[in-house]
Amino acid sequence: MNALNLVIHAEAVTVILIIALLSLKFKLLSRSGVLASIPIGYVIYVFGGVEYFILLLVFYLTSGIATKFRVKQVGKDVMDKDWIRSWRNVVANGATAAAISLLSIMEFNRGPVTAAYLGAVGTAFADTLATEVGLLYPREPRLITNMRRVMRGTPGAVSPYGYIGGVAALLILSLFSAVTRIASLKIIIAMIISGTLGMTIDSVLGATIQSKYKCTVCGRLTESRVHCGRVAERAKGISFIDTHAVNLISTQSEL
Ligand SMILES: [Zn+2]
């Protein structure tokens, strides 16, 4: 078994520490985000295997580059500092993938485990890239439930750019799944379909049950508790269901 092989542990520690240091240097994540990513990456590397880890890395690096590009084009988003790069984001996006990797200790048929893993990583990746590419959309997005134009950053807002970003993420992941020969064509196609559905579920949950706050300065409806440097008022949704809980629900709906 992979996890009993000491070489795998040494390899995992080396690779993950190098990535963690580079992440700090290039500010891909906050310090708490880097700390949270170490155990998640380790579990995936040791139990899921190097192919699982490569897919996670593709998600992580593509998202990091997309964020840098978007910040260059349209500037920072209010969520960047407190949310996007923190440990909460890492845990919400990586916990399900790590838990699924643990399942592969049971060495019977790997197919269903890989399908679940691709589903979880695919949804998280699609959701992240949809947000990044969506922020480049020059017009106001529309709310997925009633198609009314809403302010940027409103939970549940969708745009054609967002969908292009999400589908691009799924295609990139498909490409690497094929190259690493981790999954059959059937599983890859299922991942593209379920990822697109997962992304849509994420937006519907965002528009409905996710907790929202109204900024006391600019009046925007937002998913962050702090906006324009002030604590925002609670507005709608269920208080304990934040954007990360929604991500967690929609990655788990893949199972
Ligand atoms: Zn504001």
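In which handedness of crossing does α6 pass α7? In this predicted model, the crossing of α6 past α7 is right-handed.

**The α6–α7 contact**

Two packed helices are described by the angle between their axes and the distance between the axes. For α6 and α7 the packing angle is about 140 degrees, and the axes lie 7 Å apart. Angles over 145 degrees would count as roughly antiparallel and those from 65 to 115 degrees as roughly perpendicular, so α6 is oblique to α7.

On the α6 side, the residues that meet α7 include Leu 118, Val 121, Gly 122, Phe 125 and Ala 126, with Asp 127 and Glu 132 also among them. On the α7 side, the residues that meet α6 include Tyr 161, Gly 162, Tyr 163, Ile 164, Leu 170, Leu 173 and Ser 177. By class, the residues of this contact comprise 14 nonpolar, six polar and two charged.

In soluble globular proteins, nonpolar side chains tend to be buried together. The largest nonpolar core here has 45 residues, and Ile 44, Leu 56 and Val 121 have the most contacts inside it. At least two residues of this core come from each of α2 (31–48), α3 (50–74), α5 (87–103), α6 (111–134), α7 (160–179) and α8 (185–207). The helix that gives the most to this core is α6, with 12 residues.

With neighbours within four places in sequence left aside, Leu 56 is in contact with Gly 41, Ile 44, Ala 97 and Val 121. Val 121 also belongs to the α6 residues that meet α7.

Most residues other than glycine have a negative phi, and most peptide bonds are trans. Lys 27 and Met 147 are listed below with their positive phi values.

| Residue | Phi | Loop |
|---|---|---|
| Lys 27 | about 50 degrees | between α1 (6–25) and α2 |
| Met 147 | about 65 degrees | between β1 (142–143) and β2 (157–158) |

Are these residues buried or exposed? Lys 27 has 13 C-beta neighbours inside 10 Å and therefore counts as partly exposed. Met 147 has 9 such neighbours inside 10 Å, so Met 147 counts as exposed.

How values were computed
Residues are numbered from 1 along each chain as its sequence is written. This is a predicted model: local features need pLDDT of at least 70, side-chain atom pairs count only at pLDDT 80 or more; totals for chains, interfaces and linings use all residues. A nonpolar core is a set of buried Ala, Val, Leu, Ile, Met, Phe, Trp, Tyr and Cys residues joined through C-beta atoms within 7 Å. A residue is buried if 20 or more other C-beta atoms lie within 10 Å of its own, exposed if 12 or fewer, and partly exposed in between; C-beta atoms are placed from the backbone. Helices (H or I, at least four residues) and strands (E, at least two) are DSSP runs, numbered from the N terminus. Two residues are in contact if their C-beta atoms, placed from the backbone, lie within 7 Å. Axes are lines fitted to C-alpha atoms, for helices over the stretch in contact, and angles run from 0 to 180 degrees between N-to-C directions. Angles under 35 degrees count as roughly parallel, over 145 as roughly antiparallel, 65 to 115 as roughly perpendicular and the rest as oblique. A crossing is left-handed if the near helix is turned anticlockwise from the far one by less than a right angle, and right-handed if clockwise. Ala, Val, Leu, Ile, Met, Phe, Trp, Tyr, Cys and Pro count as nonpolar, Asp, Glu, Lys and Arg as charged, and the others, Gly among them, as polar.
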